[in-house]
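This briefing covers a single protein chain and is arranged by topic. The sequence and the model come next, followed by the notes.

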Amino acid sequence: MKPIKKIVSLVVLCFSYSLVNAQYEIKPEEGYTPQIGTMVDMLEDLKNRISDMTRDLNREETDYLFDEKANSIGAMLMHIIATESYTHVETIEERSWTDEEGKFWGIAGGLGTESRDKIKGKPIQYYLDLWDEVRSKTLQGLKAKDDAWFAANIDEGVNNHWAWFHVLEHSASHMGQIALVQSRLPE
């Protein structure tokens, strides 16, 4: 088979498989107002995709750094979770992190030398369980809110909807970085 035919065949096969096995609709989750429910559907879809791509990593893979400036998959997951925790506390609970929360999440808030040094040595399930805990609080908190709250400004030019959109886009960005690190894992 010629190279172009192989590529076209592979694309058709993958697309057909994806149509059979995937959901390509964004629908508001039940139990939420329409706008919040739509955001919840997208947040959950992205979390599930990141969890699926990482759940089988061993500790070495979770902590792997492919160069001195890279972040590990564990650190990036912790960073994603810290961002969601921060957004939850700031928007839903309308407060700042306590000193204890700040101490726990702060290292993951900014990726860099400190996070490379301190966020390691835990199995992948540690991060996925922590994300489940934070997401559970997020989902409960968002159920108590409505679309008027979602559209309300929390700062000049920033509304709750944008804050949660940022959690979504931030997670998607790091999903790409996680995929890059996975492609660099030693065999």
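**Gln35 and its surroundings**

Beyond its neighbours within four places in sequence, Gln35 makes contact with Asp147, Phe150 and His161. The model discussed here is a predicted one. Gln35 belongs to helix H2, and its relative accessibility of 41% places it in the partly exposed class.

**Overall organisation**

- The protein contains 9 helices and 2 strands.
- Read from the N terminus, the order of elements is α-α-α-α-α-α-α-α-β-β-α.
- The protein has 187 residues, of which 36% count as buried.
- Where contacts join residues at least 6 apart in sequence, 71% of them link residues at least 24 apart.

**Packing of H2 against H9**

- Two packed helices are described by the angle between their axes and the distance between the axes.
- For helix H2 (residues 34-54) and helix H9 (residues 160-184), the axes come within 10 Å of each other and cross at roughly 15°.
- Because angles under 35 degrees count as roughly parallel, H2 is described as roughly parallel to H9.
- The crossing of H2 past H9 is left-handed.
- On the H2 side, the contact is made by Gln35, Met39, Met42, Leu43, Leu46, Arg49, Ile50, Met53 and Thr54.
- On the H9 side, the contributing residues are His161, Trp164, Phe165, Val167, Leu168, Ser171, Ala172, Met175, Ile178, Ala179 and Gln182.
- By class, the residues of this contact between H2 and H9 comprise 14 nonpolar, 5 polar and 1 charged.

**Helix H9 and His170**

- H9 has 25 residues and spans 37 Å from its first C-alpha to its last, close to the 36 Å expected at 1.5 Å a residue.
- Its buried residues are Asn160, Ala163, Trp164, Val167, Leu168, His170, Ser171, His174, Met175, Ile178 and Val181.
- The cover over the buried residues of H9 includes the helices H2, H4, H7 (124-143) and H8 (147-151), together with strand S1 (153-155) and strand S2 (158-159).
- His170 is located in helix H9.
- With a relative accessible area of 12%, His170 is buried, because burial is assigned under 20%.
- Apart from neighbours within four places in sequence, His170 is in contact with His79, Ile80 and Thr83.

- Helix H4 (residues 73-92) consists of 20 residues and reaches 28 Å from first to last C-alpha, close to the 28 Å expected at 1.5 Å a residue.
- H4 is mostly covered, with 18 of its 20 residues buried.
- Tyr86 lies in helix H4, where a relative accessibility of 41% makes Tyr86 partly exposed.
- Between Tyr86 and Glu101 there are 15 residues of sequence separation and a C-alpha to C-alpha distance of 9.2 Å.

**Packing of H4 against H5**

- The axes of H4 and helix H5 (residues 99-109) come within 8 Å and cross at roughly 125°.
- This angle makes H4 oblique to H5.
- H4 passes H5 with a left-handed crossing.
- Met78, His79, Ile81, Ala82 and Ser85 of H4 meet Phe104, Trp105, Ala108 and Gly109 of H5.
- The contact of H4 with H5 consists of 6 nonpolar and 3 polar residues, with no charged residues.
- His79 takes part in the contact with H5 and is also in contact with His170.

- Glu94 is found in the loop between H4 and H5.
- Its phi is near 55°, a positive value in a residue other than glycine.
- Glu94 counts as exposed, at 59% relative accessibility, because the exposed class is set at over 50%.

Conventions
Residues numbered from 1 in each chain as written. Predicted model: local features only at pLDDT ≥ 70, side-chain atom pairs only at ≥ 80, totals over all residues. Heavy atoms only, no water. Axes fitted to C-alpha atoms, helices over the stretch in contact; angles between N-to-C directions. Helix = DSSP H or I, 4+ residues; strand = E, 2+ residues; numbered from the N terminus. Parallel < 35°, antiparallel > 145°, perpendicular 65-115°, else oblique. Left-handed = near helix turned anticlockwise from the far one by under 90°. Contact = heavy atoms within 4.5 Å. Nonpolar A, V, L, I, M, F, W, Y, C, P; charged D, E, K, R; others polar. Expected span 1.5 Å × (residues − 1). Buried < 20%, exposed > 50% of the residue type's maximum accessible area, 1.4 Å probe, protein only.
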